[in-house]
Amino acid sequence: MKTVLKIALGIIAALGGFLDIGDIVFNTQAGALFRYDLLWAVVLGTLGIAVYAEMCGRVAAVTGRPVFDVIRMRLGFGLGLAALIASTAVNLLTVAAELGGLAIVLQLLFDAEFSLFVVLAAIGLVIVVALLPFGGIERLFGYCGLLMIVFVATAINQGPDWGAVAQGFVPSLSSSTLYLYFVVGVFAAALMPYEVHFYSSGAVEEHWDESSLKENRLNAIIGYALGGVLACSLVVVSGYLFHPVGVDPSDLGTAALPAQNAYGETGLLLALGGIMFCVGGAAVDSSFSASYNLAQFLGWEWGRYRGPKKAPRFTASWLVFLFLAMLVVLSGINPVEITEYSVVFAVVALPMTYLPVLMIAGDRSFMGDHANGPISRTLGWTYFALILVLALAALPLLLATNGGGG
Amino acid sequence: VQCRRRRPGVAATAVALGVFLILLSGCGDLSRDELTRGVESIAALAAQGQLVANGVARDATKSTYARVMAKTLGGETEHEAEKLADAEPSPEVRRERNAAVQVATELADLFSELQTFPGDEHHGALVEKHMGEVGAQAEALVERLGGDAG
């Protein structure tokens, strides 16, 4: 019974923590621009992150090695360093975007200077991380992120043309560069590298071993699949409300409008609360990931469970990343723009994250009986091929569409 | 050594060419397409503003949310108006450019009113209605620009 409850709670935390500012921005914009046409890309991205998260969790549980440890081991120092620099740059942009998103939501709720909320948000995150253990941090943001279910309720309440919604799950391509840009954005937002860095390091933080493999599989498959439902609901509510009237949701606050439209002030508050916990959780995850990567690459003691005294450089680097992200947001760059760039640049860094994972997860000398089976292997390599194509297409599409501006 | 000596010259030429291209791209007349995109942005902002104002009119929002959204969207509208006003229009779209600036200015005023009265249902309803009218004007302008081109 205790195990079932533990697994259920893990799934709920994975579901609540699935969305971040990248998902919220890209999925809402995708719905506004292309109605339900990009739902298939959300499903494709969700399946991809489930496949790779399961692999990363399995590798961490069986070998005790998190992703960046594996990257260094498989790619060697030179390429490993390149991967570290690329992922650190992307992580820093991501932390800045999430922190900025958190400040935007606080401003929408309490209306004061944006810069004040940026500083308060950073201080709030430091306090939460200082007071709560690793599992507590995950549960706080994961459970409260479930407020995003208001978007599923909104989608049902709106009563869209379900036939058209179903049609959106059928993959389709277009010659429009803007459409292709959003295919890349929606897909990449679901597969941000920090998510697997955090997931696998979290497995080590929680002392997973081979007995945790079932929990890992259920968290990754069911938790992320349900998270995908939340992501799809963002596309649907936006496609229903914004697409017909031509709204361009370039502000994070606009994402909450459908919930307000359906349920009034209560809906608005639930939506803003959900967004706040999602981006707050992602700010912690991405900043932790930046520190995990650095510490694992350089061989430092790392882990929230060790505390600042036993892992001082890890703790200090986390604070530095958060501080640098705060400076980026305070420089005045729009957090939504930072989000778009972080997601697109993340696509370029994706192959260096996922190839070593795929190689080690399939290596029987490391993984023994827990190496990739035929399904994981096929899915893993198929997704890797897709990631390579998108990595090549991402920057040209970013330039051709003027950063999604058309 | 020769190569090293040549590099500053090459770099300077590249920089000069880059600056020239940047200046060139920013110096042309405001084309019909650019103007259409600008007016479309104004129409989209009006539609978004209408949804925010609708929340105020129905007492279905939080006043801080309505105020911050009105301020943000109003700022974007003013920026759009300034961009259009600063640009030098090509002669055949001068009249439409002036109309677009007027529509954007009117919309910015409505956002300003919403920002001042984010909890007043009566004002919310009025602003929502006027934003609908301004949005319709912007859309008519887009159609006119498209029609004239054809």
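The model is predicted, with local features needing pLDDT of at least 70 and side-chain atom pairs pLDDT 80 or more, while totals for chains, interfaces and linings use all residues. Residues are numbered from 1 along each chain, chains are lettered from A, and side-chain values use heavy atoms, without hydrogens or water.

H197(A) sits in helix α10 (residues 193-205) of chain A; helices are DSSP runs of H or I, at least four residues long, numbered from the N terminus. Beyond its neighbours within four places in sequence, H197(A) contacts V67(A), F68(A), S87(A), N91(A), S289(A), Y292(A), N293(A) and T353(A) (heavy atoms within 4.5 Å).

Two cavities of 30 Å³ or more were found. A cavity is a set of points on a 1 Å grid over the protein atoms alone where a 1.4 Å probe fits but cannot get out; lining residues have an atom within 4 Å of a point. Volume is the space filled by probe spheres set on the points, which are joined across faces, edges and corners.

The largest cavity holds about 40 Å³. Its lining includes I24(A), P249(A) and D251(A). By class, five lining residues are nonpolar, two polar and one charged (Ala, Val, Leu, Ile, Met, Phe, Trp, Tyr, Cys and Pro are nonpolar; Asp, Glu, Lys and Arg charged; the others, including Gly, polar).

The second largest cavity holds about 30 Å³. R65(A), V67(A) and S200(A) are among its lining residues. Helices α3 (39-63), α4 (67-110) and α15 (335-361) of chain A each supply at least two.

Methods:
1 Å grid on protein atoms, 1.4 Å probe; cavity = no way out; pocket = protein on both sides within 12 Å on 5 of 7 lines; lining within 4 Å.
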